[in-house]
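Biologist: I'd like to learn how to read a structure like this one. Could you walk me through a few features?

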Amino acid sequence: MIAIIDYGCGNLFSLSSSLESLGIDCKITSDKAEIENADKIILPGVGAFADAAKKLKDSGLGQLVCDLAATGKPILGICLGMQMLFEKSFEYGAHMGLGLIKGYVGPLEGQISKELKIPHMGWNKLNFAKADPIFKYVEPGDYMYFVHSFYARNCVENTLAFAEYGVAVPAIVKNGNVYGMQFHPEKSGAKGLALLKAFSEI
Amino acid sequence: MITKRIIPCLDVRNGRVVKGVNFEGIQDVASPVELAHFYNDSGADELVFYDITASYENRGLFTDALTQVAKEIFIPLTVGGGINTLDDFDRVLKCGADKVSVNSGAIKDPSLIEKAAKKYGDQCVVLSMDIKRVDGKFRIFSKGGRIDTGIDALEWAKNGENSGAGELVVNSIDTDGVKQGFDLEMLQAISELVSIPVIASGGAGKKEDFLELFKAGCADAGLAASIFHFKELSIADLKKYLNDNNIEMRI
């Protein structure tokens, strides 16, 4: 069973529906015992970093994710959930992340040409940087759906795939058993579902 | 880089998809779930659902249809129609919508855009505008294009962006349903003014109309209904044609 962590950040309906459509057993939960007993964990997230980080900390779920990451349980952070995996974020101030992947989160603004719109919103191509089992059912050049204004930095070693948007935007990152996806696989059509399927098989 | 998007629009009335010409003369087309599947399979980049339900009692039919689509289709879904309050945002987001489009609701309460953007994020709020030329000026119309609000469309678009709208839908009443091409003059005027994505709506009749739209550089996405519903043009063929003509598409 895959536990989708519910910490009050974002709509989890599409995510659970997408896993169900693949025949993958999943549950939206904030129950610690249920999360501990899950085979895998997805950390979703939409909204502001500071607010999400506080909710994770106050609920104790952030600590639980870190503890379970240390046991080798596969974890996937999606969008803001991916950004939470890093050490720090500079989204309107400086905030601590979970520190499961080295690097920090900073604004696209100022890093890309003014002609490029922010947020980076729409379908963009994956470029592969490293081989990984997560790519089992997708190919370089497959499109994923992105919506974000901040991006992961100083994480080249942990970047499996990136998208070009004025800069190389880390799209899939990994540190051991911990994965992150900047785009929304649950909104990226058949190719997005293929990534979720590969994660479920890891 | 991000692709240009092709977005079919489904006008839903009492749980069925319909399409009018110049907003009148409504024809029944199909079930939203069936059409959503068909579009998803043929490569639509996003789906827009407009709730044109006539009565409050039938609103549940729309949310049922939306929930069903969101359970089965995994591309971005935008919902519009009858969005007047934050509760309306909540209602459709809970059914699986990713973005919510406001039109008359923002005219009645201009603070709605800002309140919604603060609560759900800019990316969630789409300002949809029905625009018609009056005395040579672009004017905002409400109530499905029936009432001239007297609001200048260019000012309204800029205000929308400043209040936190993440995207604009520009629907030209002058070209809607006529199938003679998008309203490039109107789109150009608005896209020069704002830096958020502009979705062109109204007037698409053939694939060349989309090429002309994207070549002109005045829109990030093209939205259409009847040419897709009645299978006059398939999304897959359209996207291939555009890609062959150097417009990047998700194929």
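This is a predicted model: local features need pLDDT of at least 70, side-chain atom pairs count only at pLDDT 80 or more; totals for chains, interfaces and linings use all residues.

Biologist: Is B:Gly181 buried or exposed?

Modeller: Buried means under 20% relative accessible area. B:Gly181 comes in at 3%, so it counts as buried.

Biologist: And which residues does B:Gly181 touch, leaving out those up to four places away in sequence?

Modeller: Its contacts are B:Thr175, B:Gly202, B:Gly203, B:Ala204 and B:Asp209. Take B:Asp209: 28 residues separate it from B:Gly181 in sequence, yet their C-alpha atoms are 5.0 Å apart.

Biologist: Next, helices. Which residues of helix H3 (residues 86–94) of chain B are buried?

Modeller: They are B:Asp88, B:Phe89, B:Val92 and B:Leu93. Look down the axis of H3(B) and these buried residues fall within an arc of 130 degrees, so they line one face of the helix. On the other side, B:Asp87 and B:Lys94 are exposed.

Biologist: What covers the buried residues of H3(B)?

Modeller: The cover includes helix H2 (59–72), strand E5 (77–80), strand E6 (99–102), helix H5 (111–120) and strand E7 (125–134) of chain B. Just past the end of H3(B), B:Gly96 has a positive phi of about 110 degrees.

Biologist: How about sheets? What is the strand order in the open sheet of chain A?

Modeller: Its eight strands run E2-E1-E3-E4-E14-E13-E12-E9, with mixed pairing. Strands E2 (26–29) and E9 (127–128) are at the edges with a single partner strand each, so one side of each has no neighbour in the sheet. For E9(A), the pairing with strand E12 (residues 159–165) is antiparallel over two bridges, and A:Phe128 has A:Ala161 as its bridge partner.

Biologist: Last topic: how many salt bridges are there over all chains?

Modeller: A search of the whole structure gives 28. In one of them, the side chains of B:Lys239 and B:Asp45 meet at 2.8 Å, N to O. That pair links distant parts of the chain, 194 residues apart: B:Lys239 is in helix H10 (residues 235–244), and B:Asp45 is in the loop between helix H1 (32–41) and strand E4 (47–51) of chain B. B:Lys239 is buried at 2% relative accessible area, and B:Asp45 is buried at 0%.

Key
Residues are numbered from 1 along each chain as its sequence is written. Chains are lettered from A and ligands numbered from 1 in the order in which they are written. Side-chain values use heavy atoms; hydrogens and water are left out. Buried means under 20% relative accessible area, exposed over 50%, partly exposed in between (1.4 Å probe, protein chains only). Contact means heavy atoms within 4.5 Å. Helices (H or I, at least four residues) and strands (E, at least two) are DSSP runs, numbered from the N terminus. The arc is that of the directions from the helix axis to the C-beta atoms. Two strands pair if DSSP finds at least two bridges between them. A salt bridge is a side-chain nitrogen of Lys or Arg within 4 Å of a carboxyl oxygen of Asp or Glu.
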